[in-house]
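I opened the notebook to look at how one chain packs. My entries follow the order in which I looked things up.

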Amino acid sequence: MIHTYQINGMTCGSCVARVKSELLKLGDVLSANVSLQSPQATIEMSKHIDTDVLQQALSKAGKYSIRELADASPQVSEKREEGSYFPIFLIFGYITLITVIIEVVKGSFNWLQWMNHFMAGFFLIFSFF
C-alpha cells in the first residue's frame with residue numbers, strides 16, 4: 001500500500017536524505033520517495049504504519065514533523081461538478097446575445113426569426129463537440 005505524507009522542516013537536500021534514510025530503516029517500508037519542492041513523502045509499505053511511528057523515526061533525524069495528506073479527490077470532484085455547467089451557460093449566453101443583436105440590427109424583432117437564428121447558432125457551435 002502507498003501513502004502520501006506532508007513533511008515539515010526540510011530545508012535542503014541533506015534533510016531529504018536524512019528523512020528518506022530514517023523512513024527506510026523501518027521494517028515495513030518497502031520504498032520511500034521524498035521531495036523537497038512539495039515537502040512530501042510517498043511511502044510504499046507492506047502493512048500500514050501508524051503516523052506516530054513515522055514521527056518517532058523522523059524525530060531521530062531532526063526536527064521534522066509528518067502528517068498524512070487527506071484524500072482531496074472528493075473535494076476536487078465536487079468543485080468540478082459545480083463548475084462543469086459554466087461553459088455551457090456561457091455558450092448559451094453568447095448565442096442568445098448574438099441572435100438578439102442580429103434581430104435588433106434588422107430593425108424589428110421577430111420571435112420566430114430569432115429562434116431560427118438561435119437554433120442555427122446552437123447547432124453550429126455544438127456540432128464542434
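I settled one term before starting: a residue counts as exposed when its relative accessible area is over 50%, and as buried when that area is under 20%. I also noted that this is a predicted model.

**Entry 1: helix H4, buried side.** Which residues of H4 are buried? I listed Ile91, Ile95, Thr99 and Glu103. Looking down the axis of H4, I saw that its buried residues fall within an arc of 100°, so they line one face of the helix.

**Entry 2: length check.** I checked the span of H4, which covers residues 86-106. Its 21 residues, at 1.5 Å a residue, should span 30 Å. The end C-alpha atoms are 30 Å apart, so the two values agree. Just after H4, I noted that Gly107 takes a positive phi of about 105°.

**Entry 3: the cover.** What covers the buried residues of H4? I found that the cover includes helix H5, residues 111-127. The two helices, H4 and H5, pack at an angle of about 140°, and their axes are 9 Å apart. I logged the contact from both sides. H4 contributes residues including Ile91, Phe92, Ile95 and Thr99. H5 contributes residues including Trp114, Phe118, Gly121, Phe122 and Ile125. I recorded the crossing of H4 past H5 as right-handed.

**Entry 4: one residue in detail.** I picked Ile95, which sits in helix H4. Why is Ile95 called buried? Its relative accessible area is 7%, and the cut-off for buried is under 20%. Leaving out residues up to four places away in sequence, I found that Ile95 touches Phe118, Gly121, Phe122 and Ile125. I then compared sequence and space for one pair. Ile95 and Phe118 are 23 residues apart in sequence, yet their C-alpha atoms are 6.4 Å apart.

**Entry 5: the nonpolar core.** I moved on to the largest nonpolar core and found 21 residues in it. Among those with the most contacts inside this core are Ile7, Met10, Val19 and Leu54. Which elements give two or more residues to it? I wrote down strands E1 (2-8), E2 (29-35) and E3 (40-45), with helices H1 (13-25) and H2 (51-61).

**Entry 6: Val19.** I looked up the contacts of Val19, again not counting residues up to four places away in sequence. Val19 touches Ile7, Met10, Val34, Leu58 and Tyr64.

Definitions and conventions:
Residues numbered from 1 in each chain as written. Predicted model: local features only at pLDDT ≥ 70, side-chain atom pairs only at ≥ 80, totals over all residues. Heavy atoms only, no water. Core = buried A, V, L, I, M, F, W, Y, C linked by side-chain atoms within 4.5 Å. Buried < 20%, exposed > 50% of the residue type's maximum accessible area, 1.4 Å probe, protein only. Helix = DSSP H or I, 4+ residues; strand = E, 2+ residues; numbered from the N terminus. Contact = heavy atoms within 4.5 Å. Expected span 1.5 Å × (residues − 1). Arc of directions from axis to C-beta. Axes fitted to C-alpha atoms, helices over the stretch in contact; angles between N-to-C directions. Left-handed = near helix turned anticlockwise from the far one by under 90°.
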